[in-house]
Amino acid sequence: PVAILAQVAPCLLLGPTNHSAMGRMYGKGKGISKSAQPYKRTPPSWVKTKPEEVVEQITKLAKKGLAPSQIGTTLRDSCGIPSVKSITGSTILRILKMNGLASTLPEDLYHLIKKAVSIRKHMERNRRDKDSKFRLILTESRIHRLARYYKRDKALPANWKYVSSTASALVA
């Protein structure tokens, strides 16, 4: 019976394909398009930078006040370092934690809080903007969900709580 089924409808045996992508929670996109890093874990042959130099550059940029993602972009664009992990063996955030330069608040949570503060500031000036109110609700829902994850992951203290009135102090 399986052989007959394979001849009649081979797509049934393959299972779900990439075309049945799940929709976004707060957007209309269903896309699966994304960039992929090469599987090869070793640095490319053209990279001559030593791991100690990369760590030194990372700490220098962190002391200037750059976030881990900005450090990675700067290293890629200005210094020609395609992947810090392939050269040093550890990620930018891990290097920052080893040197005591990592932020107490995770970067993605920080940017969501910053966005919520700016929406709230906009709402004070434009009271009748209902769409902003809706976007604020969605943004704060994301903040609560991400905070729940980070508490479970021990990246945030268990008693950490997002309070909209004190949020502007977190991102100042």
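Trainee: Does Glu 140 count as buried or exposed?
Mentor: Glu 140 counts as buried, because its relative accessibility is 14%. Buried means under 20% relative accessible area, exposed means over 50%, and partly exposed lies in between, using a 1.4 Å probe and protein chains only. The areas themselves come from the Shrake-Rupley method with a 1.4 Å probe, and for residues only the protein chains shown count as cover.

Trainee: What kind of model is this, and what pLDDT do local features need?
Mentor: This is a predicted model, in which local features need pLDDT of at least 70 and side-chain atom pairs count only at pLDDT 80 or more, while totals for chains, interfaces and linings use all residues. Residues are numbered from 1 along each chain as its sequence is written, and side-chain values use heavy atoms, with hydrogens and water left out.

Trainee: Back to Glu 140: with which side chain does it meet in a salt bridge?
Mentor: The partner of Glu 140 is Arg 120, at 2.6 Å from N to O. The pair links distant parts of the chain, since Glu 140 sits in helix α8 (residues 130-152) and Arg 120 in helix α7 (residues 107-125), 20 residues apart. A salt bridge here is a side-chain nitrogen of Lys or Arg within 4 Å of a carboxyl oxygen of Asp or Glu. Arg 120 counts as partly exposed, because its relative accessibility is 28%.

Trainee: Why can such side chains pair at all?
Mentor: Side chains of opposite charge can pair when their charged atoms come close.

Trainee: How many salt bridges does the rule count?
Mentor: The count is three salt bridges. One of them joins Arg 76 and Asp 77, whose closest N and O atoms are 2.8 Å apart. Arg 76 is partly exposed at 48% relative accessible area, whereas Asp 77 is exposed at 53%. Another brings together the side chains of Arg 135 and Asp 131, at 3.8 Å from N to O.

Trainee: How are Arg 135 and Asp 131 separated in helix α8?
Mentor: They are separated by about one helical turn, because they are four residues apart in helix α8. Arg 135 is partly exposed, with a relative accessible area of 36%, and Asp 131 is also partly exposed, at 46%.

Trainee: New topic. What does the secondary structure come to?
Mentor: The protein has nine helices and zero strands. Helices (H or I, at least four residues) and strands (E, at least two) are DSSP runs, numbered from the N terminus.

Trainee: And what percentage of the residues count as buried?
Mentor: Of the 172 residues, 23% count as buried. The protein exposes about 13100 Å², of which carbon and sulfur atoms supply 56%.

Trainee: Among contacts between residues at least 6 apart in sequence, what percentage join residues at least 24 apart?
Mentor: The figure is 59%, where a contact means heavy atoms within 4.5 Å.

Trainee: Which residues form the positive surface patch?
Mentor: The positive surface patch consists of Arg 41, Lys 85, Arg 94 and Lys 97. Patches are made of residues with over 30% relative accessible area and no salt bridge; like charges are joined within 9 Å, and nonpolar side chains (Val, Leu, Ile, Met, Phe, Trp, Tyr) within 5 Å. Lys and Arg count as positive and Asp and Glu as negative, with His and the chain ends not counted. Lys 85 lies in helix α5 (residues 84-88) and is exposed at 52% relative accessibility.

Trainee: Finally, what is phi of Lys 154?
Mentor: Phi of Lys 154 is near 65°, a positive value in a residue other than glycine. Lys 154 is in the loop between α8 and α9 (167-171), and it is exposed, with a relative accessible area of 71%.

Conventions. The place of a charge is taken as NZ of Lys, CZ of Arg, CG of Asp or CD of Glu.
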